[in-house]
Amino acid sequence: MSSISIAGDSSGSITLAAPSVAGTNTATLPAATGTVMVSGNMPAFSAYQSGTQTMPTATFTKVIISTKEFDTNNYYDATTNYRFTPLVAGYYQVTGAAFFNGASINFVSIYKNGSELRRGTETTVSYTSTVSALFYMNGSTDYVELYAYAGVGSSIASTQSTTYFQAVMVRN
Amino acid sequence: MSLYEKIKTIYPNLEDKDFMTVIILQNDSNGAGDYIKAWNHPTLVKPTQEQLDAIK
């Protein structure tokens, strides 16, 4: 090893803390350049629908996911637009699901920046459709939303276990 | 009458899959109601607002 260089801002401090227990701990850095990710800059959220939502026939409808289970960086809007807009750029695994009360062709889709980008499993009876996909988010303007489609007008059940929206950063 | 029903009234031969592929109706759950997000049908022209409004 030739040297360790730590560069910081003009104020504040950088602390490398070691555990206060006996033993040897090793952190190995890869031979690559990148940003070290810690829990504080790896956003994650999970929310679910808390009220039954009417679904019009054959119309992609934004699912009103309004109850948060957790939202580590407060990037999920659960009151107005029901969208996740992470302010940390990187790759995110986004997952959504909905339970449809009517028997028809039903599915959920993930929209990115207002357009459908990934469509989930289709169900033709009164069951849950799920979708999960990987997205790159630019950390400023990109956002994702959950939409649902019911071939025949029905409703989406308000159950925490079946109608939900989640995302987690997996790498920068 | 819903937007879907109005379009089906104008074009009764449209199939279910058309509304999942070439014709996208959307509702953003913001109180503005249903609207035509995209109309890419290869032969049928997008109905005008006047045509839709005329159907009660």
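Visitor: Before we start, what should I know about the numbering and the model?
Guide: Residues are numbered from 1 along each chain as its sequence is written, while chains are lettered from A and ligands numbered from 1 in the order in which they are written. In this predicted model local features need pLDDT of at least 70, side-chain atom pairs count only at pLDDT 80 or more, totals for chains, interfaces and linings use all residues, and side-chain values use heavy atoms, with hydrogens and water left out.

Visitor: Is A:Ser109 buried or exposed?
Guide: A:Ser109 sits in strand β8 (residues 106-112) of chain A; strands (E, at least two residues) and helices (H or I, at least four) are DSSP runs, numbered from the N terminus. Buried means under 20% relative accessible area, exposed over 50%, and partly exposed in between (1.4 Å probe, protein chains only). With a relative accessible area of 1%, A:Ser109 is buried.

Visitor: Which side chain makes a polar contact with that of A:Ser109?
Guide: A polar contact is a pair of N or O atoms within 3.5 Å; within protein, one must be able to donate a hydrogen and the other to accept it, and residues adjacent in sequence count only if both atoms are side-chain atoms. Leaving aside neighbours within four places in sequence, A:Ser109 is in contact (heavy atoms within 4.5 Å) with several residues, among them A:Phe60, A:Val131 and A:Tyr147. The polar contact, at 2.5 Å, is with A:Glu116.

Visitor: Within what arc do the buried residues of α1(B) fall?
Guide: In helix α1 (residues 3-10) of chain B, the buried residues are B:Leu3, B:Tyr4, B:Lys6 and B:Ile7. Seen down the helix axis they line one face, because they fall within an arc (of the directions from the axis to the C-beta atoms) of 165°.

Visitor: And which elements do those buried residues of α1(B) pack against?
Guide: The elements belong to chain B. They are β1 (23-27), β2 (35-39) and α2 (49-54).

Visitor: Which strands stand at the edges of the open sheet in chain A?
Guide: This open sheet has five strands in the order β4-β1-β13-β7-β10, with antiparallel pairing; two strands pair if DSSP finds at least two bridges between them. An edge strand has a single partner, so one side is left without a neighbour in the sheet, and that applies to β4 (67-71) and β10 (128-137).

Visitor: Which residue of β10(A) does A:Thr95 stand opposite?
Guide: Strand β7 (residues 90-99) of chain A pairs with β10(A) in the antiparallel sense over 10 bridges. Opposite A:Thr95 stands A:Ser132.

Visitor: How many residues apart are A:Glu145 and A:Arg83, the pair in a salt bridge?
Guide: Their side chains meet at 3.2 Å, N to O, where a salt bridge is a side-chain nitrogen of Lys or Arg within 4 Å of a carboxyl oxygen of Asp or Glu. A:Glu145 counts as buried at 2% relative accessibility, whereas A:Arg83 is partly exposed at 21%. The pair links distant parts of the chain, A:Glu145 in strand β11 (residues 144-150) and A:Arg83 in strand β6 (residues 83-84), and they are 62 residues apart.

Visitor: Which residue is linked with A:Arg83 and A:Glu145 in a network of salt bridges?
Guide: Over all chains the count comes to seven salt bridges. The network joins A:Arg83 and A:Glu145 with A:Lys62.
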